[in-house]
Amino acid sequence: MAFRLGDGFFAANGDVETRRGWFVEHVAFPEVQREQRGSKTSVWRHRHRPTDAAVSVTVSPSRIYVLFGGTSRERYRLVDSYALETGEYLNSYVLPRAVSEISWYNGGFYVLSENPYPEIRYFHPLKSSAP
């Protein structure tokens, strides 16, 4: 489980203890404001448009991969890799284009890009080191 708005994730594997991991780039949880409307209704809203952290998450047998939003030039292209057992950051990959979804399979990623139309591509950055 990863936070779309926030700074990290939780990983669990069956009966194994849950691990807490932190994203490489810190994304503060968005500030919320309360608005009163009349005497009975209050509305909760984000004060500013929130920054996406985990846009999409996928797992391999030993890693968690997070497609990261954030604020860098590589947002929606940056895939951060973390150890499934410990939550430790391992490395990052930059995809050739911005994508909206990632799915790990057999050493690489299937990615969904929606610019200018929906397209599924396979990206294989892990030929020698994929667990």
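**Exercise 1. State which strand holds tyrosine 110, and decide whether tyrosine 110 is buried, partly exposed or exposed.**

Step 1. Tyrosine 110 sits in strand E10, which covers residues 108–113. Helices (H or I, at least four residues) and strands (E, at least two) are DSSP runs, numbered from the N terminus.

Step 2. The model is predicted: local features need pLDDT of at least 70, side-chain atom pairs count only at pLDDT 80 or more, and totals for chains, interfaces and linings use all residues. Residues are numbered from 1 along each chain as its sequence is written, and side-chain values use heavy atoms, with hydrogens and water left out.

Step 3. Buried means under 20% relative accessible area, exposed means over 50%, and partly exposed lies in between (1.4 Å probe, protein chains only). Tyrosine 110 is partly exposed because its relative accessibility is 38%.

**Exercise 2. Describe the make-up of the chain by its secondary structure and its burial.**

Step 1. The secondary structure consists of zero helices and 11 strands. Along the sequence this reads β-β-β-β-β-β-β-β-β-β-β.

Step 2. The chain has 131 residues, and 33% of them count as buried.

Step 3. Its accessible surface is about 8,400 Å², and 51% of that belongs to carbon and sulfur atoms. Such areas come from the Shrake-Rupley method with a 1.4 Å probe; for residues, only the protein chains shown count as cover.

**Exercise 3. Find where in the chain confidence is lowest and where it is highest.**

Step 1. pLDDT is the predictor's confidence in each residue, from 0 to 100. The chain has an average pLDDT of 80, with 83% of the residues scoring at least 70.

Step 2. Confidence is lowest in strand E4 (residues 41–46), with a mean of 64, and highest in E9, with a mean of 94.

Step 3. Over residues 127–131 pLDDT stays under 50, and the model has nine contacts for them beyond four places in sequence; contact means heavy atoms within 4.5 Å. Where pLDDT is low, the predicted coordinates should not be read in detail.

**Exercise 4. Work out the surroundings of glutamate 101.**

Step 1. Glutamate 101 is in strand E9 (residues 101–105). With a relative accessible area of 40%, glutamate 101 is partly exposed.

Step 2. Apart from neighbours within four places in sequence, glutamate 101 contacts Ser56, Leu67, Tyr110, Val111 and Leu112.

Step 3. The C-alpha atoms of glutamate 101 and leucine 112 are 5.1 Å apart, although 11 residues separate the two along the chain.

Step 4. Between the side chains of glutamate 101 and serine 56 there is a polar contact of 3.3 Å. A polar contact is a pair of N or O atoms within 3.5 Å; within protein, one must be able to donate a hydrogen and the other to accept it, and residues adjacent in sequence count only if both atoms are side-chain atoms.

**Exercise 5. Identify the residues linked in a network of salt bridges.**

Step 1. A salt bridge is a side-chain nitrogen of Lys or Arg within 4 Å of a carboxyl oxygen of Asp or Glu. By this rule there are four salt bridges.

Step 2. Glutamate 119 and arginine 97 form a salt bridge through their side chains, at 2.6 Å from N to O. This pair links distant parts of the chain, 22 residues apart: glutamate 119 is in strand E11 (residues 119–123), and arginine 97 is in the loop between strand E8 (89–94) and E9.

Step 3. Glutamate 119 also meets the side chain of arginine 121 in a salt bridge, at 3.2 Å from N to O. The network therefore consists of Arg97, Glu119 and Arg121.

Step 4. Arginine 97 is partly exposed because its relative accessibility is 30%, and arginine 121 is partly exposed at 42%.
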